[in-house]
Amino acid sequence: MDPHPTEIADLTDRYPIALLRLDRQGRIVHANAAWMRQMGRPGGSRELLAQLHREDAAAWRAALRQAAEGKDPVSCCLRFIDPNGRLRWFDLQVSAGPGAFYLALNDATSRRRADARIEASQRGALSLLDGLPGLIYRGRNNRQWTMEFVSAGCLQLTGYPAAYLTDTYEHSYSTLILEEYTEYVWSGVQQALLRREPYELVYRIRCANGTIKDVWEKGAGIYAETGEVLGIEGVIVDVAGGKLPTA
């Protein structure tokens, strides 16, 4: 014997996440207690679309189409406006059944706000780094000096955009160092890493337009708890007329 609708409602109300059943027009047929606590609108519209952020309406319609056409649930993250006008994010799974759509929605608002704060902080840090003179870097400790991060100051120093020197062996930073200084730079960094001390070097590079520049570099190793060298980070600046080591 099929369960009574009241029994189904009681069962779904025990779930901590929001559960919805919609008709094929996207109207709410049943909402459990978790949804009503977060988004319920007594006497309000039963159209779920009316509670969505306007910019996410197209993504919502696309999710319904995909669910109707396929067998697997469709996952997405959408913004809703709660009865108090506050923005809420939900991780959503929608699947299609006979004459209905079934939704499971997990409130992701706290996580998305935390992510937004981190992204804003990272953007601020990158803006600060890009505003500093010289080339600020983080890279691998190999003879190619492969860079994982290069600040925007790379362009002014070398004539190359930061992306040109990032994550590539083909045109890594080592290709800019004049040949007579390659061993000096390598040994200077390795000796400092063995002592777990910062390194400070002065040498010459060839820029994108072919000119030669004297540069000063100061950096340090990045270490694991085991002592393994994970990478290096530092700054390289133009020191026209600076004292160069004997090659």
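Predicted model: local features only at pLDDT ≥ 70, side-chain atom pairs only at ≥ 80, totals over all residues.
Residues are numbered from 1 along each chain as its sequence is written, and side-chain values use heavy atoms, with hydrogens and water left out.

**View 1. The whole chain.** Of the 247 residues, 39% count as buried (under 20% relative accessible area, with exposed over 50% and partly exposed in between; 1.4 Å probe, protein chains only). Among contacts (heavy atoms within 4.5 Å) with a separation of 6 or more, 44% come from residues 24 or more positions apart.

View 2. One cavity of 30 Å³ or more turns up in a search of the whole structure, and the largest cavity has a volume of about 60 Å³. A cavity is a set of points on a 1 Å grid, over the protein atoms alone, where a 1.4 Å probe fits but cannot get out; lining residues have an atom within 4 Å of a point. The points are joined across faces, edges and corners, and the volume is the space filled by probe spheres set on them. The lining includes Tyr137, Trp145, Met147, Tyr199, Tyr203 and Glu217. By type, the lining residues split into 11 nonpolar, no polar and one charged (Ala, Val, Leu, Ile, Met, Phe, Trp, Tyr, Cys and Pro are nonpolar, Asp, Glu, Lys and Arg charged, the others, Gly among them, polar). At least two lining residues come from each of α6 (179-195), β8 (199-206) and β10 (229-238).

**View 3. Helix α6 and what follows.** With 17 residues, α6 reaches 26 Å from its first C-alpha to its last, close to the 24 Å expected at 1.5 Å a residue (the expected span is 1.5 Å times one less than the number of residues). Its buried residues include Tyr181, Val185, Trp186, Val189 and Leu193. The buried residues of α6 pack against β8, β9 (212-223) and β10. Just after the helix comes arginine 196, with a positive phi of about 55 degrees. Arginine 196 lies in the loop between α6 and β8 and counts as partly exposed, at 48% relative accessibility.

**View 4. Helix α3 under cover.** The 13 residues of α3 (57-69) reach 19 Å from first C-alpha to last, close to the 18 Å expected at 1.5 Å a residue. Ala57, Trp60, Ala62, Ala63, Leu64 and Ala67 are buried in this helix. Their cover includes β1 (18-23), β3 (74-81), β4 (87-97) and β5 (100-107).

**View 5. Serine 174 and tryptophan 145.** Serine 174 sits in the loop between α5 (153-158) and α6, and counts as buried at 18% relative accessibility. Neighbours within four places in sequence aside, serine 174 is in contact with Arg143, Gln144 and Trp145. Tryptophan 145 belongs to the loop between β6 (135-139) and β7 (147-150). Tryptophan 145 is buried too, with a relative accessible area of 7%, and has a positive phi of about 50 degrees although it is not a glycine.

Notes
1 Å grid on protein atoms, 1.4 Å probe; cavity = no way out; pocket = protein on both sides within 12 Å on 5 of 7 lines; lining within 4 Å. Helix = DSSP H or I, 4+ residues; strand = E, 2+ residues; numbered from the N terminus.
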